Structure formats: structure tokens, C-alpha cells
Amino acid sequence: MMPKLNLTHDYYTGEYPSLLWEMTICQSLGDGHGTFAKALEKPAAYGALVAGFLLAETSLSSDCRRVIEIGGGYGTLMAALLTILQPQQIDMIDISPALLQKQQERLSQLPISFHCSDLFKWLPTLKQESVDLLIINEIIGDFPTITGLTKAALAEALKPPPAAPDSSLNPATLNDNDLLREAGRLIKTYNLNLDDLPETFNLNYGTLLFIERLAETGIKRTFITEHGCDTYLPYPFSLFPAIQPPTDRNPRQIKLKDHDEYNIRFDYLEQVAKKLSFKVKRFHLMDLLKVRFDDEINYLLSSQKPVSEEQEIFLEFYEHVAEYQGIILEQ
Ligand SMILES: C[S@@+](CC[C@H](N)C(=O)[O-])C[C@H]1O[C@@H](n2cnc3c(N)ncnc32)[C@H](O)[C@@H]1O
């Protein structure tokens, strides 16, 4: 069995009507006035919560110089973020011409530069630039994932010393031998532990490559969220077996309309980022959102028996958000 690369490039650059049918957390919370937002202690739009979290947890200031979002979907996060932050320069980068068009329509009143590009091509242009904040929300699951890696094939690939990273390499064009060589390089260079994985497993290759490339830029802090395969719920949600996400640490295929994503092994991201001298903060998305926990939610999560349409929506939201975590990388 040879490893394969899961790519979403053709999907996002195509004309699929299903583009962003996926219900991201950002889209679920919308402008902060819908039913999902009522599951929060203080209902608010996702982008405003992200801005507040960054101001509290990092040295970012609200009048910072430059903010960039890559993969901004419908522009929902940025619209709300800019109600809290007032950067002097804002850029939105997206591989999808159709979604970039949606962002331009949504944010037409604001002084934003829009760029249609693959982030792996665009990131090197930031080598000499100082950027206060990069937002990468629910997109790393789309980055190239190597599937069907076997420990036996890797053992062969790991025999010679690892090659130096090639910063011009385009992850979307790797052949089968390159895949094994690149997987071996990352595993050896960053001492990634394979002991807790089955003989055949998947590797979030593009995400680890992205962190290597990030270290070569002048981006001071990067905010990342995604579905995780090593996500543990914070207390008291950790007490409810029905909403515990799987934690087997092997990135899982998420089948979506017209494309597939993989969830993320965050401990590898943390390990690579620390080795590259980033300051790292990991968090569960429930802590950022400050989801409600009161008698109603306690009963709902214990009984799993909603008694109204609103509770049905709450239950769906708690089950969905349970798998998400985030990481802030500062340099
Ligand atoms: C799942 S959507 C998330 C949208 C939004 N951030 C949210 O949370 O609702 C993924 C977004 O990333 C973009 N994207 C995917 N791969 C990309 C790449 N390699 N470079 C730039 N943008 C990319 C897609 O076009 C889309 O806007």
C-alpha cells in the first residue's frame, strides 16, 4: 500500500455549489443573535470573541498595525473582529475565487486588500514583513494530509539522514516517493512519537509544513482552530460521556460534500512549533467561547433528551464544538 495525499485544492478553486455548506463554528454563531449563540454565557459573534480572547491572552493591542486572515470563508469572522480591533492594514487571502468574492461583498465598506492565492505560495511574500496577527480559522483540515502511511515503509524512508526542508516545495505536487521522504523528514526532525498510532496511519503533512514556513516570516502571532483528534474536554464538560470526542491521535477523515478533510493531531503542531522557538498556547474552543453550563445544560447533556427545538439545537452545538481546539503561536 502506497501513501496518498488528500487535497482540497481542486474543490476550492472549482465552481461547486457546495462551497462552504460546511457549518463552521464561525458560521453557526453568525452575528451572535441566533439560537446557537444562546448556548454562550454572553451571546456574541465568533470574530468578536476571538478578538477579545487574543487581547486577553497575548500582547496584541486593538490598534495594531497589520492583520491578515487566510481562508476567511464568507468574511463573517473578519466583519466581527473589526468591531473590536482597528488595525491600520488588513489583508484577506483565499484560494477560492468564489469565496473571495463573497468576502469582498460582505466587507465592501472596509479598507481591506483581497488576494486570490494558495497560502503556500503567498506565505513566502511575508518574509520581510511585520504582521501583528494571522488568522487561520477552520482551514488546516483542508491542508494536504498524507493518508495510508505504514510504519514499515517509513522505517525504510527513515534510514538515511533527513534532507533539509525545501522552502520552494509545493505540497500539492508531491509524488509517492516524495511523500514518504517528507513524512520521514518531519518525523525525524521533530522527533514525533509514533508509538500511540496503528501500523497504518495518517499525517497532517501540510499543517506541519505550514508551521515550518511560518517560522520564516515576520508574523508575530498566529491564531489557529480546527477539529482535533487529541481533544480533551474542559471541566465540567469532561464529565459527560455522550459528548467526549475520540482521542486516538490518528487524523480521521471527515467526509463532506464534494471533498474530504482530516482532523488534526495538535500535539504534533505544538511539538514542531516549540522546536522552531514559537511560544505556544493551546486551548479548547469551549474556553474561548465560554459556553454556558447551568441546570438546563447539565440536564440536557446528562439525559440527551431535548424537550424543545432550541434544546435540540443546543445539543447539536455542544456535540459539534466538543471536538475543536485551538493554538496560538507567537514569535
Ligand atoms: C472550511 S472553510 C473555513 C472558512 C472560515 N474560516 C470559517 O471558519 O467559516 C476553508 C477556507 O479556507 C480556504 N482555503 C482552503 N485551502 C486554502 C489554501 N491552500 N490557501 C488559501 N485558502 C485556502 C477556502 O477557500 C475557505 O475559504
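Modeller: For sorting residues by class, Ala, Val, Leu, Ile, Met, Phe, Trp, Tyr, Cys and Pro count as nonpolar, Asp, Glu, Lys and Arg as charged, and the others, Gly among them, as polar. This is a predicted model, in which local features need pLDDT of at least 70 and side-chain atom pairs count only at pLDDT 80 or more, while totals for chains, interfaces and linings use all residues. Residues are numbered from 1 along each chain as its sequence is written.

Colleague: How many nonpolar, polar and charged residues does the shell around the ligand have?

Modeller: The shell has 10 nonpolar, eight polar and five charged residues. A residue is near a molecule if its C-beta atom, placed from the backbone, lies within 6 Å of it; by that reading 23 residues surround the ligand, with Thr24, Gly71, Gly73, Ile95 and Ser96 the closest. The elements giving two or more residues to this shell are α2 (25-29) and β3 (89-94), where helices (H or I, at least four residues) and strands (E, at least two) are DSSP runs, numbered from the N terminus.

Colleague: Which residues does a cis peptide bond join?

Modeller: The bond joins Tyr235 and Pro236, with omega about 5°, and Pro236 lies in the loop between β8 (221-227) and β9 (253-256).
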